[in-house]
Every structure is written in structure tokens, then in C-alpha cells.
Amino acid sequence: MGTNALNKGTQNNGEQLDKQSRILEAAMELLSRHGIAGVSMRAVAREAGVALGLVNYYYDDKTSLIRAALRRVDEDDLLLVAANSEADPGEHLRQALRRVAGPDLLTTPYLSLRLHLWALAQADEGYAEINAAAFDRYLDGVATLINNATPALSWEECRDRAADIVVIQNGMWLTSLLGIDKGAIQRSIARTEEIAFAPARDAK
């Protein structure tokens, strides 16, 4: 196979991935604005600016689109708590705890999307399984960062602290939709840091 053919194949693959990504982003945009009722294969095609047949090529139906959206949010969440072996563990944990309040996350469209996806997970067993698995992975990610920063803690205590932190983070995201002030956000972040770096239970 010649170089031109290889380049063309790579370019075509890139274009396909770009179109598939546009379709998924369009579905997530519609879900954020209108909820599940606003998501149809035809509406997604229109929003993405592609042919309906292309949407059907990548996704069998609306259910598969929603599942893909749940998995995309799961991937985004895992990036928030991705381990970095080169960073100072304590500072890396602090950065991760602050990252959840980044300006790209505390937006009405993104928080609305998460709210709709959470609601769907409560209403559908298949979506609930994806959401529960994603939640466990995120908890493990937070717990791992805590364990890296405070290795004296047991894994069970790291996991408990991660669960407490996630409750605060989810509350922060939800109440941000109501226009919570920046001071409250900063206090919430500070509280998650207090939980993460508190002395071990048996050391109190």
C-alpha cells in the first residue's frame, strides 16, 4: 500500500471519528436543553448537521445514544481524578478536588446534562447499571488519590472519605444550577480538602 493510500485511510478514519463525536455531542446538547423527550435520531442528525443514515450507522437507536452519553460523562469524570505518578500526591489531590468546580463544569448546559442523565438512571435499569459502574469507578479514583496522598489510611477509610467528598461535589453541582455564589463553592471545596486530609479515625 502506497503512502498516499495510507494517508487517505488515516484521514478517513479521522473524519469518521469526528462525525461520530459530533453526533454524540449533538445528542448530549439536545438532552441538556430538552431532556430525553428532545432526543430523537432525526433531531440529532439535524443538530449535528449530518444525514440521518449516518446517525443510524453509528448508533442503533436512541437508547444506544443515551448509553454512549453516559459513558462519555464517565470518561470525563475519570479524567478529573486521573492519577499522575510525577506530581506531588498531596498537591495532585488538592488540584483534583478543585477541578470539579472548574468554569467548564459549572455551566448550566453541562449541569443540566448531568441532571437529565441522573434522572434517566433512576428511571431505567440499563442506564442505572452504567451509572452505578461509573459512580464506583469515580469513587475508586478519588479514593486512590486520597490513598496516594495519605498512605497511612486504610483503603476502607479512603473509600469512605471519597464517598463523603462525592456527596459534597454532587450537591455543589446541583445547587450551582440555582446560582450558588462563588464563596459557597470555595467553602465546599475547602470542606472536601478537610475530609481528604483529616487524621485517621484511630488517630483522633
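In the predicted model, Tyr57 is exposed, because its relative accessibility of 61% lies over the 50% cut-off. Tyr58, by contrast, has a relative accessibility of 18% and is therefore classed as buried, the limit being under 20%. The rings of Tyr57 and Tyr58 form an aromatic pair with a centre-to-centre distance of 5.0 Å. The planes of these two rings stand at 75 degrees, and the arrangement is edge-to-face. The count of aromatic pairs comes to 1.

Helix H4, spanning residues 62-80, and helix H6, spanning residues 108-123, have axes that come within 11 Å and cross at roughly 120 degrees. H4 and H6 are therefore oblique to each other, and H4 passes H6 in a left-handed crossing. On the H4 side, the contact is made by Ile66, Ala69, Leu70, Val73, Asp76 and Asp77; H6 contributes Tyr110, Leu113, Arg114, Leu117 and Leu120. The residues of this contact comprise 8 nonpolar and 3 charged residues, with no polar ones.

The crossing of H5 with H7 is left-handed. Pro89, Gly90, His92, Leu93 and Ala96 of H5 meet Leu145, Ile146, Asn148 and Ala149 of H7 in this contact. Of the residues in the contact of H5 with H7, 6 are nonpolar and 3 are polar, and no charged residue takes part.

Definitions and conventions. Residues numbered from 1 in each chain as written. Predicted model: local features only at pLDDT ≥ 70, side-chain atom pairs only at ≥ 80, totals over all residues. Heavy atoms only, no water. Axes fitted to C-alpha atoms, helices over the stretch in contact; angles between N-to-C directions. Helix = DSSP H or I, 4+ residues; strand = E, 2+ residues; numbered from the N terminus. Parallel < 35°, antiparallel > 145°, perpendicular 65-115°, else oblique. Left-handed = near helix turned anticlockwise from the far one by under 90°. Contact = heavy atoms within 4.5 Å. Nonpolar A, V, L, I, M, F, W, Y, C, P; charged D, E, K, R; others polar. Phe/Tyr/Trp six-rings, centres within 6.5 Å; stacked < 30°, edge-to-face > 60°. Buried < 20%, exposed > 50% of the residue type's maximum accessible area, 1.4 Å probe, protein only.
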